[in-house]
Amino acid sequence: MAIIEIRIELKKGVADPEGSNTKKTLESLGFEGVGAVKCVKVFEVELDMGVDEAVKAGEEMCRVLLANPVIQSYTVTAR
Amino acid sequence: MKAEDVKVCVIRIEGTNCEDEMYQAFRMVGASPELVHLKQLAGKAPDHAKRNLEDYDILAFPGGFSAGDYVRAGAIFAARIKSDIGPQLRKFVESEKPVLGVCNGFQTLVELGLLPAFEGVMSETPTAALSTNDSGRFECRPTYLRNDNRGNCIFTSEIKKGKISMFPLAHAEGKLLSADPRFLEKLEENDQVVFRYVGPGGAKAVYPWNPNGSPSDIAGICNPAGNVLGMMPHPERVMTRYTHQDWTSCKGPEEGDGMAVFRSVMKKLTK
């Protein structure tokens, strides 16, 4: 069995209000030196197959459902 | 065709809401709507409950939410439709039957690749996205919308160009984005812009009148053929004057602003 990690993030240049609001909140809570904050989504998927096959399946999952290519990019890695 | 012969498929899956308002809106203009679960269209239902998409004259995507809006708003609804009835849906749109998507329905139409559909009626992957509101939060309020369509859209034929209507909205992801650098120009060229957010009296919309930061204040677009309309605000919630926010203080007509959207499509089908 393979476990893959699918990381979905916003493409460069796409506004990330969730990230920037979190940054503001962290700063207002007194955290110092906070730079950019990015909101990223991670799916962990268990697959009953070999690692290479699982990564390929993960990429297909991104194409069919998990990522909108207009605003999001994805990376699939085996764990 | 008589109004009562116009069959409307109000499509739903697990976790769909606002389908009742959509159903009632079509009832109020005399059509015969039916709430239809995707499984009924996909043959995954008892025989008496099975339905064919091609038997309907209008397809309506309600919203709301669907499937918890997990992954992305409308993404699960769209992926399930594509997998279960993709070819039937493509045929439905190709035959230029009207398709309406409101709020989550608009998000679903974009995820399905039915909007903006610059090339072909349905793209393999989405070519636009309804992204998180600039405010980073759920926006819920009345909005003013100007009809900017020049006559292409089947759902606004009864609304004068430039007329300002009030529809309420409620969403967290309504900012229309595309990777196409000529996105806005193409929408204009093809007469695909239908509704724009405006401020009171028709002024340029700034937040909160443009609630999500959509470029060019776009609230609703249609496909190049004009038979598919997706919009974030809810016309089905203002079918009578009594659900307008100012109904106690204004002497308006009995009819709500949303009625015109449904009357427009019915007029086309029943003439």
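Start with both chains shown as surfaces: about 1300 Å² is buried between chain A and chain B, and carbon and sulfur atoms give 61% of that area. Keep in mind that this is a predicted model. Now select the residues in contact: 16 come from chain A and 22 from chain B.

Next, look for charges across the interface, where the rule finds 1 salt bridge. Pick Arg63(A) and Glu124(B) to see it, with their side chains meeting at 3.4 Å, N to O. On the chain A side, H1, E2 and helix H2 (51–66) each supply at least two of the residues that touch chain B. H2(A) gives the largest share, 4 residues.

Stay on chain A and colour by pLDDT. The chain averages 96, with 100% of its residues at 70 or more. Helix H1 (17–28) has the lowest mean among the elements of chain A, 95, while strand E2 (41–47) has the highest, 98. Just past H1(A), click Gly30(A), whose phi is positive, about 100 degrees.

Last stop: Asn190(B), in the loop between helix H5 (183–189) and strand E9 (193–198) of chain B. Is Asn190(B) buried, exposed or partly exposed? Its relative accessibility is 30%, so it counts as partly exposed. Show its side chain and that of Gln192(B), which make a polar contact at 2.8 Å. Beyond its neighbours within four places in sequence, Asn190(B) also touches Phe118(B), Asn152(B) and Pro224(B).

Notes:
Residues numbered from 1 in each chain as written. Chains lettered and ligands numbered in written order. Predicted model: local features only at pLDDT ≥ 70, side-chain atom pairs only at ≥ 80, totals over all residues. Heavy atoms only, no water. Buried < 20%, exposed > 50% of the residue type's maximum accessible area, 1.4 Å probe, protein only. Contact = heavy atoms within 4.5 Å. Polar contact = N/O pair within 3.5 Å; in protein donor to acceptor, adjacent residues only side chain to side chain. pLDDT = per-residue confidence, 0-100. Buried area = accessible area lost by both parts, 1.4 Å probe. Salt bridge = Lys/Arg side-chain N within 4 Å of Asp/Glu carboxyl O.
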